[in-house]
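This report describes a few helices and single residues of one protein model. Please look at the sequence and the structure before reading on.

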Amino acid sequence: MGNTFVILKPIIHGLMKAVGMTSQLVEIEPGTSMHFWVPTKSIHPNNKLSNKPPVLFVHGFVANGIITWLFQILSLSSDFAVYVPDLLFFGDSITTRPERSTSIQAECLAKGMMKLGVEKFSLVGLSYGGMVGFKLAQLYPHMVESMVMSSTIIEMTESISNASLKNIGFTNWPDFLLPKTVSGVKVLLSIGSHKLPWLPEFFYKDFHEAMFSNRKEKVELLEALVVNDKDATIKVPNYSQRIYILCGDDDKIFNTTFSDYMKEKLGKNTTIQYIKNAGHLVQLERPCTYNHYLKKFLSSS
């Protein structure tokens with residue numbers, strides 16, 4: 001792991017402890033474990049679940065849960081019971097099962113939350129995590145009370161995949177999302193941002209070392225993600241939950257055309273909000289604005 005992230009790890013762990021969060025490895029089944037950050041109080045021997053509303057944050061493909069959602073955890077953990085998993089093959093989450101679809105990620109999330117004693121929650125999903133979230137709400141509708149979806153689509157059909165890749169100048173997802181070089185990391189973060197701030201060269205090098213483990217399995221996840229248009233499993237979305245699409249207005253990967261179309265497809269339970277001067281990684285680029293809208297929606301759920 002790169003030096004930056006070795007140094008950051010104890011700092012982040014200290015911050016988590018300060019806001020009442022703790023790390024928990026949950027065995028989903030033999031051979032499959034999922035790592036979660038959970039409210040510390042929820043795992044005490046008397047296992048008193050908080051009376052705060054539970055919220056599940058599902059990360060995208062570039063980083064694990066804690067790096068993706070750090071600003072949201074720090075802002076929301078006083079008012080909400082925050083749960084932040086690492087999806088399979090990210091962080092410490094692993095499986096010996098051969099499946100690589102969003103369905104297995106959704107199934108493990110649902111089982112993990114049940115094992116943690118949470119049977120109903122709101123879900124916040126970013127990018128790949130949004131697609132996993134839509135799948136979870138399709139498979140376990142009774143568990144998901146409402147959804148906030150950022151920088152995502154309902155399902156990665158071939159036509160959406162081709163249009164999106166064309167927009168960013170790539171021919172496949174692994175080349176973009178699993179860069180093999182430090183310059184590839186710069187391209188990834190630059191396309192993911194409205195305006196990438198200056199970062200020292202060692203940051204990119206350390207990010208490259210820290211974030212792209214389990215490459216073979218991640219390539220398989222990306223291959224399984226893209227489905228033939230006629231095989232789409234969520235052709236007519238029929239979600240009973242309130243859905244809030246919260247996006248940057250300069251998302252280069254899934255631009256406003258994708259988000260507007262998704263809103264139209266999802267129907268009357270769905271509202272949309274664009275955050276100015278923010279890209280795909282909207283929750284990192286504009287955390288204060290993002291958290292303001294997020295809290296407002298979750299508090300009204």
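Contact here means heavy atoms within 4.5 Å. Helices (H or I, at least four residues) and strands (E, at least two) are DSSP runs, numbered from the N terminus. The model is predicted, so local features need pLDDT of at least 70 and side-chain atom pairs count only at pLDDT 80 or more, while totals for chains, interfaces and linings use all residues. Residues are numbered from 1 along each chain as its sequence is written, and side-chain values use heavy atoms, with hydrogens and water left out.

**Helices α7 and α8**

In α7, the residues V182, V185, K186 and L189 meet E201, F203, Y204, K205, F207 and H208 of α8. By class, this contact holds 6 nonpolar, 1 polar and 3 charged residues. Nonpolar covers Ala, Val, Leu, Ile, Met, Phe, Trp, Tyr, Cys and Pro; charged covers Asp, Glu, Lys and Arg; the others, Gly among them, are polar.

Helix α7 spans residues 182–191 and helix α8 residues 201–211; their axes come within 9 Å and cross at roughly 95°. That makes α7 roughly perpendicular to α8, a term for angles of 65 to 115 degrees. Axes are lines fitted to C-alpha atoms, for helices over the stretch in contact, and angles run from 0 to 180 degrees between N-to-C directions.

**Helix α1**

Helix α1 (residues 3–18) has 16 residues and reaches 23 Å from its first C-alpha to its last, close to the expected 22 Å. The expected span is 1.5 Å times one less than the number of residues. At K9 the helix α1 bends by about 30°, and a proline, P10, follows within four residues. The bend is the angle between axes fitted to the seven residues ending at a residue and the seven starting there.

T4, F5, I12 and M16 of α1 are buried, that is, under 20% relative accessible area, with exposed over 50% and partly exposed in between (1.4 Å probe, protein chains only). The buried residues of α1 pack against β1 (21–29), β2 (32–39), α2 (65–76) and α8. Just after α1, G20 takes a positive phi of about 80°.

**P85 and S299**

P85 is found in strand β4 (residues 81–85), and S299 in helix α12 (residues 287–300).

| Residue | Relative accessible area | State |
|---|---|---|
| P85 | 0% | buried |
| S299 | 55% | exposed |

Neighbours within four places in sequence aside, P85 is in contact with H35, F36, L56, F57, H59, G65 and L109.

Methods: Parallel < 35°, antiparallel > 145°, perpendicular 65-115°, else oblique.
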